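Reader: I've got a model open and want to learn how to read its surface. Can we walk through it together?

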Amino acid sequence: MEVRKDNKNYRLEKKRRPTNHEDVKKLEKLVVQLDDITTKSRMRDMAYHYTKRSEVIKTNLIAGAARGVGLTVGTALIIALLFFILAQFETMPFIGDYIASLLDIVESERN
């Protein structure tokens, strides 16, 4: 590595070795092979999942159940966090009275 002194940042430049034409050909061949492997496997998965009705139903059923559970848990956590934050404001003079009455209503509905 050599340091360039004409630049204010004094960046270090890497010395590049000359590329061999055969290395580039091998690399291109490897990239093409990897592309073929990934494309073929993706097509096989798509063909398997979209030609069998039972697989389509199973996949969509699992995805729907996961979305439903995630939505329910997420909503419960957000509401719990909101009530926790509101409970912290109970000691404030003007807002506290309103929030205290709101929490009393929620507590009476719970029991």
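Reader: What does the accessible surface of the chain come to, and what share of that belongs to carbon and sulfur atoms?

Author: Keep in mind that this is a predicted model. The accessible surface comes to about 10800 Å², and 62% of that belongs to carbon and sulfur atoms. Of the chain's 111 residues, 5% count as buried.

Reader: Which elements are there, and in what order do they run from the N terminus?

Author: The chain has three helices and two strands, running β-β-α-α-α.

Reader: Where is confidence lowest, and where is it highest?

Author: Start with the general idea: where pLDDT is low, the predicted coordinates should not be read in detail. Here, the mean pLDDT of the chain is 79, with 80% of residues at 70 or more. Strand β1 (residues 2–3) has the lowest confidence, a mean of 51, while helix α2 (residues 53–88) has the highest, at 90.

Reader: Okay, on to patches. Which residues form the nonpolar patch on the surface?

Author: That would be Leu81, Phe84, Ile85, Phe89, Phe94 and Ile95, which together have about 650 Å² of accessible area. Both α2 and α3 (93–110) supply at least two residues each, and α2 gives the most, with three.

Reader: Where is phenylalanine 89 found?

Author: Phenylalanine 89 is in the loop between α2 and α3.

Key. Residues are numbered from 1 along each chain as its sequence is written. This is a predicted model: local features need pLDDT of at least 70, side-chain atom pairs count only at pLDDT 80 or more; totals for chains, interfaces and linings use all residues. Side-chain values use heavy atoms; hydrogens and water are left out. pLDDT is the predictor's confidence in each residue, from 0 to 100. Helices (H or I, at least four residues) and strands (E, at least two) are DSSP runs, numbered from the N terminus. Patches are made of residues with over 30% relative accessible area and no salt bridge: like charges are joined within 9 Å, nonpolar side chains (Val, Leu, Ile, Met, Phe, Trp, Tyr) within 5 Å. Accessible areas come from the Shrake-Rupley method with a 1.4 Å probe; for residues, only the protein chains shown count as cover. A salt bridge is a side-chain nitrogen of Lys or Arg within 4 Å of a carboxyl oxygen of Asp or Glu. Buried means under 20% relative accessible area, exposed over 50%, partly exposed in between (1.4 Å probe, protein chains only).
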